Amino acid sequence: MHSFLRKKITNNLILQKMKVAIVGASGAVGQEFLRVLEERNFPMDELLLFGSSRSAGTKYTFRGKEIEVKLLQHNDDFKGVDIAFTSAGAGTSKEFAETITKYGAVMIDNSSAFRMDADVPLVVPECNAEDALVRPRGIIANPNCTTIMMVVVLQPLEKLSHIKRIHVASYQAASGAGAAAMAELEQQYREVLDGKPATVNKFAYQLAYNVIPQIDVFQDNGYTKEEMKMFNETKKIMHTDAACSAMCVRVPSLRSHSEAVWIEFESPVSVEAAQKALAEGEGVQLMDDPSNKVYPMPLFLAGKDDVYVGRVREDLSNPNGLTLWLVGDQIKKGAALNAVQIAEYLIKVGNVK
């Protein structure tokens with residue numbers, strides 16, 4: 001797989017620098033885009049920031065330079081833009097997709113707007129980077145955060161034996177609902193400790209000292225939209241017939257999602273073989289020494305690039321099964337970093353325009 005994805009892009013990898021735009025610059029993912037682009041020394045001559053009327057006029061510092069957020073409008077602001085990272089919600093993405101792409105910009109979209117469209121590739125670079133090369137509408141979709149983290153871990157295991165079935169329970173931090181949700185969780189803890197009623201706006205119930213077994217809206221089959229994303233997106237990304245049954249739960253951690261995953265293979269896979277494949281996998285870090293209480297935890301892994309895996313063991317209920325625990329930063333690898341890695345791949349292979 002593409003080892004460059006784990007390194008910072010350097011100028012000798014490209015023929016020319018880029019003009020880049022971020023749509024939704026003031027949101028949690030938009031802010032993470034700024035951090036990731038700076039961390040990885042992403043090659044660009046110019047960065048444009050766009051937002052709603054609420055955030056227009058706000059200024060952010062990038063590489064020592066102050067950049068003002070422009071109001072997103074249907075005009076020619078995207079003329080000359082090579083890559084546009086969009087994270088302003090599905091409605092905004094659908095409304096402005098033609099405006100963003102009409103002059104040739106590659107739109108890498110972090111919303112759910114286009115993920116299951118047949119003519120829009122859904123890409124996790126460690127799994128299916130080449131899919132990004134065929135984009136009839138100039139749009140590449142960034143998958144759901146929980147799906148991204150899971151398929152990064154499944155990909156090296158698929159090489160050992162075909163995966164037939166996946167069961168997963170997710171433990172999703174407040175960060176998955178945005179910056180305001182993270183602030184609300186912190187506020188709730190303060191209020192509860194002070195003996196005050198907890199403020200509840202971003203979640204269906206108080207999240208502090210609680211878990212909520214619902215993320216997104218329920219569908220007719222009893223699964224939530226978040227759970228169905230994992231079912232559908234896994235198939236599209238991995239080009240697989242594997243079925244994924246998910247239970248997605250909001251937990252009162254601030255940042256980084258966790259998942260307990262049960263995997264059924266066509267034939268038995270040993271724990272040792274799985275651990276070796278994971279340790280060598282792109283974007284994966286093995287953290288698996290339970291005898292010394294070493295396993296991934298969200299408290300300690302916020303801000304990390306990779307997906308961390310531990311507690312790899314045989315599934316006692318299935319002779320062809322393994323189960324494991326994974327943790328990844330939802331805002332980073334689950335959103336902004338994955339999108340930037342897609343752009344890095346396009347630059348690497350000379351396929352931006």
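The model is predicted, and local features need pLDDT of at least 70, side-chain atom pairs count only at pLDDT 80 or more, and totals for chains, interfaces and linings use all residues. Residues are numbered from 1 along each chain as its sequence is written, and side-chain values use heavy atoms, with hydrogens and water left out.

**Salt bridges**

Side chains of opposite charge can pair when their charged atoms come close. A search of the whole structure finds 20 salt bridges, and the table gives three of them.

| Pair | N to O distance |
|---|---|
| Glutamate 39 and lysine 332 | 2.9 Å |
| Lysine 333 and glutamate 126 | 3.0 Å |
| Arginine 165 and glutamate 264 | 2.6 Å |

In the salt bridge between glutamate 39 and lysine 332, glutamate 39 belongs to helix α1 (residues 28–39) and lysine 332 to helix α9 (residues 332–348), so the pair ties together parts that are 293 residues apart in sequence. Helices (H or I, at least four residues) and strands (E, at least two) are DSSP runs, numbered from the N terminus. Buried stands for under 20% relative accessible area, exposed for over 50%, and partly exposed for values in between (1.4 Å probe, protein chains only). Glutamate 39 therefore counts as partly exposed at 37% relative accessibility, whereas lysine 332, at 3%, counts as buried.

The salt bridge of lysine 333 with glutamate 126 joins helix α9 to helix α3, so parts that are 207 residues apart in sequence are tied together. Both of these residues, lysine 333 and glutamate 126, are buried.

For the salt bridge of arginine 165 with glutamate 264, the partners lie in strand β9 (residues 163–172) and strand β11 (residues 257–265) respectively, so this pair ties together parts that are 99 residues apart in sequence. Arginine 165 is partly exposed, with a relative accessible area of 37%, while glutamate 264 is buried, with 17%.

**The largest pocket**

On a 1 Å grid over the protein atoms alone, a pocket is an open set of points where a 1.4 Å probe fits, with protein on both sides within 12 Å along at least five of seven lines, and its lining residues have an atom within 4 Å of a point. The largest pocket holds about 1,300 Å³ of space, a volume being the space filled by probe spheres set on the grid points, which are joined across faces, edges and corners. Of the 47 residues that line the largest pocket, Ser87, Gly89, Gly176, Ala177 and Gly178 are the closest to its centre. The elements that give two or more residues to this lining are α1, α2 (90–101), α5 (179–193), α6 (225–238) and α9. By kind, the lining residues divide into 19 nonpolar, 21 polar and 7 charged, where Ala, Val, Leu, Ile, Met, Phe, Trp, Tyr, Cys and Pro count as nonpolar, Asp, Glu, Lys and Arg as charged, and the others, Gly among them, as polar.

Alanine 141 has its place in strand β8 and counts as buried at 0% relative accessibility; its C-alpha atom and that of glycine 80, 61 residues apart along the chain, are separated by 21 Å. Proline 156 lies in helix α4 (residues 145–158) and, at 10% relative accessibility, also counts as buried.

How values were computed:
A salt bridge is a side-chain nitrogen of Lys or Arg within 4 Å of a carboxyl oxygen of Asp or Glu.
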